[in-house]
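The following note sets out points for a colleague who has the coordinates at hand. Please read each point against the model.

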Amino acid sequence: MGDHELAARLATEAGALLLDVRAELADASAEERKAAGDKRSHDFLLAALTAERPDDAVLSEEGVDDPVRLSAARVWIVDPLDGTREFSELGRTDWAVHVALWESGDLIAGAVALPAQGVTLATPTVIAPPAAPEAPRIVVSRTRPPAIALAVKDALNGTLVEMGSAGAKVASVVQGLSDAYVHAGGQYEWDSAAPVAVARAAGLFTSRIDGSPLVYNQRDSKLPDLIVCRPELADAVLAVTAG
């Protein structure tokens, strides 16, 4: 099985596992659902990658960061459950599973599963989104929209779309449900690696908010800001974010 297919399969299967956890713990507390979801999805992905790609390193939000990844040629960057708050709230669909592969300096494959929506977006088969409306839709956190995203909305005479996880937000741009995602509130590599790989495959623009490239598998796994948007909006967005 190729890397693209493996990323898509593992993200989808981890998502199915999480739906089972959600159903099993429907009467439990939100904190119990969060903890069980994080652990079971991480354990599944780590075991599967160890079996399928034993020579590759893994960087997971829920795992111990092994410095061996810094000298590895191939590193899987995974977020077993992106959007734990949304996952814990029964009925919400804006949470995701991220599986990406970094090789020799760049992301080469990725998949974002949206289990509660029955959707997995994956390289290289993801397609470009349909035509955008006249007023750009800026997707932001439903609880803490960053000021820079609000500034982009104002500069572009756009509208806001509120959503949960980072993966769901990027997926909404890929799906044509929004047009730009601008984040500056602090993230890690696993928050954006798979979504960025998928967005690039769909022909979208991706960068840091200053316009510099998004670089992965760094010693410090913090990657605090990013832009994902339609390419025709990139210059207007950067005019605000890069100043």
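Predicted model: local features only at pLDDT ≥ 70, side-chain atom pairs only at ≥ 80, totals over all residues.

1. Ser 104 sits in the loop between strand S3 (96-103) and strand S4, S4 being residues 106-114. Helices (H or I, at least four residues) and strands (E, at least two) are DSSP runs, numbered from the N terminus. Phi of Ser 104 is near 50°, a positive value in a residue other than glycine. Ser 104 counts as exposed because its relative accessibility is 60%; exposed means over 50% relative accessible area, buried under 20%, and partly exposed in between (1.4 Å probe, protein chains only).

2. Residues are numbered from 1 along each chain as its sequence is written, and side-chain values use heavy atoms, with hydrogens and water left out.

3. Most residues other than glycine have a negative phi, and most peptide bonds are trans. Asn 157, which is not a glycine, has a positive phi of about 55°. Asn 157 lies in the loop between helix H4 (147-155) and strand S7 (159-163), and at 64% relative accessibility Asn 157 counts as exposed. The peptide bond from Thr 123 to Pro 124 is cis, with omega near -5°. Pro 124 belongs to the loop between strand S5 (119-122) and strand S6 (137-141).

4. Which residues does the UniProt annotation "binding site" cover? The record, an unreviewed entry, lists Glu 61, Asp 79, Leu 81, Asp 82 and Asp 191. They span 131 residues in sequence, yet no two of their C-alpha atoms are more than 9.7 Å apart, so they gather at one spot. The lining of the largest pocket includes Glu 61, Asp 79, Leu 81, Asp 82 and Asp 191. A pocket here is an open set of points, on a 1 Å grid over the protein atoms alone, where a 1.4 Å probe fits, with protein on both sides within 12 Å along at least five of seven lines; lining residues have an atom within 4 Å of a point. The UniProt positions are given in the numbering used here, feature names are shortened, and annotations may be inferred rather than shown by experiment.

5. Two of the annotated residues can be described in detail. Leu 81 is found in strand S2 (residues 74-82) and is buried, with a relative accessible area of 2%. Not counting residues up to four places away in sequence, Leu 81 touches Leu 18, Lys 34, Gly 37, Asp 38, Glu 61, Phe 87, Trp 95 and Ala 96, where contact means heavy atoms within 4.5 Å. Asp 191 is placed in helix H6 and counts as buried at 13% relative accessibility. With neighbours within four places in sequence left aside, Asp 191 is in contact with Asp 79, Asp 82, His 98 and Ala 166.

6. How do helices H5 and H6 pack? The axes of H5 (residues 166-174) and H6 (residues 189-201) come within 9 Å and cross at roughly 10°. That makes H5 roughly parallel to H6; angles under 35 degrees count as roughly parallel, over 145 as roughly antiparallel, 65 to 115 as roughly perpendicular and the rest as oblique. Axes are lines fitted to C-alpha atoms, for helices over the stretch in contact, and angles run from 0 to 180 degrees between N-to-C directions. Ala 166, Gly 167, Val 170 and Val 174 in H5 meet Asp 191, Pro 195, Val 198 and Ala 199 in H6.

7. Helix H6 also holds Ser 192, which is buried, with a relative accessible area of 1%. Apart from neighbours within four places in sequence, Ser 192 is in contact with Gln 187, Tyr 216, Leu 223 and Leu 226.

8. Gly 110, in strand S4, is buried with a relative accessible area of 0%. Beyond its neighbours within four places in sequence, the contacts of Gly 110 include Ala 197 and Val 198, as well as Leu 121, Ala 122 and Thr 123.

9. Arg 85, in helix H3 (residues 84-88), is partly exposed, with a relative accessible area of 39%. Arg 85 and Gly 164 are 79 residues apart in sequence and 8.1 Å apart in space, C-alpha to C-alpha. Arg 85 touches Lys 34, Arg 142 and Thr 143, not counting residues up to four places away in sequence.
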